[in-house]
Amino acid sequence: MACSTAIHCSVLGFQRQIGGKMLSYCSLPAITNLGGGIPRRIRGCHASAHLQPSVVADDPKYGNKQVIAITPRLYDYILTNVREPEILRQLREETANMRGSQMQVSPEQAQLLAMLVQILGAERCIEVGVYTGYSSLAIALVLPESGYLVACERDSKSLEVAKRYYKQACVSHKVDVKHGLAADALKSLILNGESGSYDFAFVDADKRMNQEYFEMLLQLVRTGGVIVIDNVLWHGKVADPLINDARTVSIRNFNKNIMEDERVSISMVPVGDGITICRKR
């Protein structure tokens, strides 16, 4: 899959690493067969550092709709328009030097999560998969003083970093850290009679457990509440029928199940590595 250093124009989309985080920009491929029949070429998709940030599909099925292809240059511009609090920047930069730093959500993704929490007027939240705490800190910062965030993480080393930053940001009183398996923590909340009492949940953990996490969170989140699942595009691998490793197949199956699930309204958003926003009906 040859391309210039500036872009990667393939079915796997564009990939860019920021602070250890591998981001996927799943735009339309250079050669596509989305409409069936003879493959059609997307105008304007060339391996060049000067690629225009939008392309037009020739397939009339899409009405010549312009689709944004996020190049590294355009992504840099996006980042200049992210309002990242100083404490989050410090955490992101520290995490970039740690093993597994690619698990940290991107700045624009954390900003979107925080905004969703604010739009909902959420007071009680759950995060499944904390890592070093970038997304949970972004959420805790916008919760009211009486807000409550259950943060589930099994790795003690990364959790220590998260707790240190919760303390520095003066939000420790809002965060209830659950060290251990997230499935056990969620089951405990259900058994404790907390079903329907949460406003918002974010899942960024073992992808093969997404369906199980989702079913439990659907019990815990109230009607009208929101569940956000991360990595639903999986670096573009979900769209490639030749890639069938366990994680990719699991995510692909989960996406299919969510698409058909009438219990929620959904929106798959190509931010970061792709998220699906689910609103409980």
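**Cores of a predicted protein model**

Good morning. Leaving aside neighbours within four places in sequence, Tyr166 is in contact with Val130, Gly133, Ser136, Leu137, Ala151, Val171, Ser172, Val175 and Val177, where contact means heavy atoms within 4.5 Å. This is a predicted model, in which local features need pLDDT of at least 70 and side-chain atom pairs count only at pLDDT 80 or more, while totals for chains, interfaces and linings use all residues. Residues are numbered from 1 along each chain as its sequence is written, and side-chain values use heavy atoms, with hydrogens and water left out.

Tyr166 also belongs to the largest nonpolar core, which has 34 residues. Such a core is a set of buried Ala, Val, Leu, Ile, Met, Phe, Trp, Tyr and Cys residues joined through side-chain atoms within 4.5 Å; buried means under 20% relative accessible area, with a 1.4 Å probe and protein chains only. Among the elements that each supply at least two residues of this core are helix H5 (156-168) and strand E13 (275-280). A second, separate core of 28 residues includes Ile126, Ala201, Ile229 and Val232.

Let us turn to Cys278, placed in strand E13. Is Cys278 buried or exposed? Cys278 counts as buried because its relative accessibility is 0%. Leaving aside neighbours within four places in sequence, its contacts include Phe214, Ile227 and Ile266.

Finally, the whole protein. There are eight helices and 13 strands, taken as DSSP runs (helices H or I, at least four residues; strands E, at least two) numbered from the N terminus. Of the 281 residues, 50% are buried. Thank you.
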